[in-house]
Amino acid sequence: MTDLASLFHTHITERQRTATEALAETGFDALVISSGQVYTHFADDQDAPFHPTPHFAHWCPMAGPHHLLVVRPGQRPRLIRYAPEDFWYEQLPLGSPFWASEFDIEEVGTVEEAWKRLGSPEQAAYIGNETERAEAANLELNPAGLTARLDWNRTNKSAYEVQCIEEATVLAARGHLAARAAFLAGASELEIHYAYIQAVGIVDHEMPYGSIVALNEKGAILHYEHKRANVRNGDVLLIDAGAQVRGYAADITRTVAAPHCDSRFADLVDGMVKLELGLCDAVKPGMPYGDFHHLGHLAIAALLKEHSILKADPEEAVELGLSRPFFPHGLGHHLGIQVHDVAGRQGAPDGTLAPPPPQHPTLRTTRTIEAGQVFTVEPGLYFIPMLLRPFRENEHKARFDWKVIDELTPCGGIRIEDNLLVTSSGHRNLTRPHLPN
């Protein structure tokens with residue numbers, strides 16, 4: 001059985017070490033992080049779903065707004081817990097969570113009392129969105145240099161963080177299996193979504209992101225949000241859905257072809273499954289992520305040539321940009337507390353940016369791959385009319401089989417996505433043990 005308390009102790013020890021270094025490098029003596037405050041929709045009195053400040057969640061998995069965490073080098077972190085007496089909303093007791101022994105915990109009943117307990121520490125930085133209160137406490141608000149260093153340190157995951165992601169993966173895999181079964185039974189997008197939610201055992205706002213449940217041509221809309229209730233017995237299902245545990249997310253995509261689907265598209269799905277696994281096998285420390293993304297384009301161009309959709313060798317197709325309309329997004333992104341985790345485009349801990357190259361402008365990460373990183377690998381192959389349209393009339397139009405493209409466009413697209421932990425010798429696929437295909 002996993003000893004969460006031990007894993008968390010090691011995690012907090014590392015947080016204290018990296019925070020101490022970041023504070024010294026930026027000239028601060030202390031760091032205050034709030035879990036954040038709720039906000040309402042414009043001209044409304046309804047609160048948006050609450051998400052804690054990610055840097056607070058990096059230290060503490062306690063839910064709810066207005067908590068304050070105080071970090072000082074050489075001292076146990078101090079946690080001021082906001083615990084109001086309330087009859088509007090249920091307030092759960094803290095109990096004895098596995099993480100509590102790592103903090104000096106104080107409980108207060110009002111937000112004002114929380115900030116009064118904090119006082120006005122000197123040479124202290126603040127991260128969060130309660131900026132008026134932080135400014136009144138003479139804290140420096142969200143300093144860029146310090147935040148960048150803390151973002152950088154979030155990229156390499158502790159064993160505790162990996163455990164959380166794996167537990168989320170178990171839940172998400174359960175949902176994907178239920179969604180696949182519902183699809184093959186002829187369910188609508190809405191019914192497939194319900195099957196997923198029920199299998200995971202959550203409600204919508206507990207998901208780390210809104211699920212993408214796309215039948216047929218809607219799979220070519222990368223962030224398709226709707227859930228059609230009147231379309232059933234689809235040829236193709238593309239489902240991108242995750243789960244979260246203690247604030248950490250799993251992010252998984254699968255594409256399933258029904259038995260009655262066009263066999264040419266079903267063969268492309270099979271090819272993309274093998275292609276994605278091959279890309280996973282290529283992951284190793286020291287590889288620039290841009291090079292990894294380039295490998296993805298070469299592999300997709302080769303698959304398109306194999307199926308006579310493109311009439312060009314892979315190297316030439318990528319050089320001429322012929323693979324980009326079929327694969328218009330990045331190969332993946334860092335994963336953690338945020339689904340699209342931070343610091344992917346940082347070139348250094350101080351926040352220096354490393355922008356993506358012009359030929360691959362959608363890359364979410366330009367980092368060098370290192371042991372301890374967790375990121376997604378999600379190659380895609382789509383038939384998107386608006387992206388293919390310019391090639392119908394330009395100098396490369398003869399390199400495309402437009403008849404096949406038009407016949408497969410109603411099938412939408414394909415995306416296969418796993419979550420990988422980079423190890424010292426290669427990688428460990430966090431998804432496949434729980435969702436083999």
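Which residue forms a salt bridge with Arg154? The legends below lead to the partner and start with the whole chain.

**View 1. The whole protein chain in a predicted model.** This is a predicted model, where local features need pLDDT of at least 70 and side-chain atom pairs count only at pLDDT 80 or more, while totals for chains, interfaces and linings use all residues. Residues are numbered from 1 along each chain as its sequence is written, and side-chain values use heavy atoms, with hydrogens and water left out. The C-alpha trace spans about 70 × 50 × 45 Å along its principal axes. Of the 437 residues, 52% are buried (buried means under 20% relative accessible area, exposed over 50%, partly exposed in between, with a 1.4 Å probe and protein chains only).

**View 2. Charged side chains across the protein chain.** The chain carries 37 positive and 57 negative side chains (Lys and Arg count as positive, Asp and Glu as negative; His and the chain ends are not counted). The centres of the two sets lie 5 Å apart, with each charge placed at NZ of Lys, CZ of Arg, CG of Asp or CD of Glu. Side chains of opposite charge can pair when their charged atoms come close. The structure holds 28 salt bridges (a side-chain nitrogen of Lys or Arg within 4 Å of a carboxyl oxygen of Asp or Glu).

**View 3. Arg154 and its partner.** The partner is Asp341, and the closest N and O atoms of this salt bridge are 2.9 Å apart. Arg154 belongs to helix H5 (residues 144–154), while Asp341 sits in the loop between helix H10 (314–319) and strand S10 (374–377), 187 residues apart. Both Arg154 and Asp341 are buried.

**View 4. Arg246 with Glu167.** In this salt bridge, the closest N and O atoms are 2.7 Å apart. The pair links distant parts of the chain, 79 residues apart: Arg246 lies in the loop between strand S8 (236–245) and strand S9 (248–257), and Glu167 lies in helix H6 (residues 159–184). Arg246 counts as partly exposed because its relative accessibility is 23%; Glu167, at 26%, is also partly exposed.

View 5. Arg117 and Glu106 meet in a salt bridge (3.0 Å, N to O). Arg117 is in helix H3 (residues 111–118) and Glu106 in strand S4 (residues 104–108), eleven residues apart. With 34% relative accessibility, Arg117 is partly exposed. A network of salt bridges links Arg78, Glu106, Glu113 and Arg117.

How values were computed. Helices (H or I, at least four residues) and strands (E, at least two) are DSSP runs, numbered from the N terminus.
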